[in-house]
Amino acid sequence: MRRLNPIQRVFLRIEQQDYPMDTMGIYILEPTADGPLPFETVQAAIAQRVAQTPLLRRQLAQTSYGWGMEQWMQVEDVDLDHHLTRAIVPPPGDLRSLLDLSVRLSATPLDRRRPLWRAWYAESAAQSRTVLLIRAHQALVDGLGGLSVYDAFFDTRPVAVDPARQPEQLPGETPPTMSEMLAQAVPEMISAVKGMTGQTARLIRGAHPRPQVSERPADSRPRTPPRTPFEQRAGKPAKTLAAISLPRADVEAVRQVRPDLSTGDVLLTLLTGALRSYLERNHALPDRPLRVATPTLVPGRSEGDNAFSVMLIDLPVEVADRAERLEMVHRLNNKRRAAYQEAKTSTDAVSAFSQLVHPGLVAPVTIALGNPAMSFLPPLVNLTFASLTIPGDGPRYFAGTKLAHIYGRTFVLPPQQVFVHAVVYDQLVEFGVTSLRQPLPNPEVLMTLVRAELDALVAHVGAGGG
């Protein structure tokens with residue numbers, strides 16, 4: 001048995017019926033000489049991985065009424081007919097159709113009575129490539145974007161699948177009784193009370209202020225973010241998804257001219273320019289920066305105790321000069337990295353609090369914050385952005401076939417309604433945005449503007465813009 005860390009509990013508690021707390025990887029493989037991999041090959045490859053990968057056999061053990069300390073237990077038998085199924089990509093079978101299918105397949109939460117992941121073999125008459133959709137709950141994965149789940153399915157070198165191979169099945173664990181879970185919960189809750197008390201005292205004394213990164217002096221920093229279309233309170237949970245692939249070489253071309261820049265600097269600059277153009281088109285450009293939440297992985301003291309913190313960064317969309325925006329984002333990102341330890345301290349306080357709150361008390365608070373009737377409240381942030389670099393310089397493979405693209409569907413939970421992400425993989429930077437439909441009805445426009453901003457930035461530095 002393995003206990004859930006506090007942030008995993010947070011993701012479970014804030015989840016709602018219309019707002020699942022999971023991500024989906026949209027993996028497109030290179031075409032083989034014979035077209036897509038047969039479903040039977042995919043099925044055999046995943047069955048062999050499930051049999052020997054503890055993460056894919058990890059299931060929640062929890063009491064009937066939510067009291068007690070939730071734990072992970074290893075199940076011996078995973079119903080692969082449930083976890084891997086076929087899905088038809090509707091005509092015309094292009095990327096737009098695939099993204100729409102991904103949104104529909106993840107409209108409601110995963111079944112907590114099973115391991116918290118699912119996969120689909122997406123078929124299309126117009127598609128010659130193999131497409132896998134892999135969905136995993138944020139409570140299951142270790143880090144933003146689900147790198148642990150990604151590593152469970154993909155290889156660093158081409159390894160063919162032998163459908164006849166029957167791997168040894170790992171043993172399962174006996175589910176704990178309610179009394180056992182309650183007995184474990186009591187000392188952990190006492191420890192959490194002490195931890196939360198100490199963290200709260202430090203925060204009140206101002207020893208660890210909330211990490212926030214701004215170019216403005218502290219006394220002139222705007223207290224609230226500007227209002228933009230991204231904070232429109234949506235009454236319906238309908239979601240949109242868009243994605244675009246950018247050449248990694250173009251991002252590196254900017255860094256070659258400015259070696260002091262990080263990849264994150266360039267990506268945030270692209271987002272800043274795209275947001276400026278988008279808001280200008282909608283006659284909604286504010287006169288001050290957008291406040292963006294940036295989830296940050298905080299390594300724990302031991303394996304499996306990794307957690308998230310959310311740091312705030314003010315993107316200078318009000319600045320018209322592209323070179324000035326790049327320089328400001330570079331300085332802001334440096335400050336954000338310097339504030340990392342403060343983020344870890346804030347996470348400790350949230351982690352302690354999460355152990356004390358009953359699951360049934362969290363969702364109503366979250367629902368109230370996202371209700372359109374609360375639109376009179378100022379926004380906390382304008383949107384969320386996260387970037388992820390796949391470790392290693394080369395491509396990954398599934399069943400011996402090269403992985404060509406990694407697109408993604410992230411999560412939204414009002415009042416956080418727009419989530420932009422970027423995945424740096426092999427020779428590509430895969431940008432994507434998941435949003436509620438009302439605040440961002442045409443997400444493709446924003447992605448097109450990201451591409452235009454990259455082209456303009458490359459041209460700018462190539463012309464000696466510095």
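## Overall make-up

The chain folds into twelve helices and 16 strands, where helices (H or I, at least four residues) and strands (E, at least two) are DSSP runs, numbered from the N terminus. This is a predicted model, in which local features need pLDDT of at least 70 and side-chain atom pairs count only at pLDDT 80 or more, while totals for chains, interfaces and linings use all residues. Residues are numbered from 1 along each chain as its sequence is written, and side-chain values use heavy atoms, with hydrogens and water left out.

Of the 466 residues in the chain, 54% are buried; buried means under 20% relative accessible area, exposed over 50%, and partly exposed in between (1.4 Å probe, protein chains only). Take the contacts between residues at least 6 apart in sequence: 80% of them join residues at least 24 apart. Contact here means heavy atoms within 4.5 Å.

## Two nonpolar cores

A nonpolar core is a set of buried Ala, Val, Leu, Ile, Met, Phe, Trp, Tyr and Cys residues joined through side-chain atoms within 4.5 Å. The largest one has 44 residues, and I46, W117, F153, F154 and F398 touch the most other members. Helix 2 (residues 39-52) supplies the largest share of this core, with five residues.

F154 is a handy residue to look at on screen. Beyond its neighbours within four places in sequence, F154 is in contact with Y27, L29, R49, I134, R396, Y397, F398 and L403. A second, separate core holds 42 residues, including A274, L275, A284 and L383.

## Helix 8 against helix 9

Helix 8 (residues 263-281) and helix 9 (residues 322-338) have axes that come within 9 Å and cross at roughly 125°. Axes are lines fitted to C-alpha atoms, for helices over the stretch in contact, and angles run from 0 to 180 degrees between N-to-C directions. That angle makes helix 8 oblique to helix 9, because angles under 35 degrees count as roughly parallel, over 145 as roughly antiparallel, 65 to 115 as roughly perpendicular and the rest as oblique.

On the helix 8 side, the contact is made by G264, D265, L268, T269, T272, G273 and R276; on the helix 9 side, by R325, L326, V329, H330, N333, R336 and R337.

## A look at V159

V159 sits in the loop between helix 5 (147-153) and helix 6 (178-205). V159 is partly exposed, at a relative accessible area of 33%. Not counting residues up to four places away in sequence, V159 touches A399 and G400. V159 and A399 are 240 residues apart in sequence, yet their C-alpha atoms are 5.9 Å apart in space.
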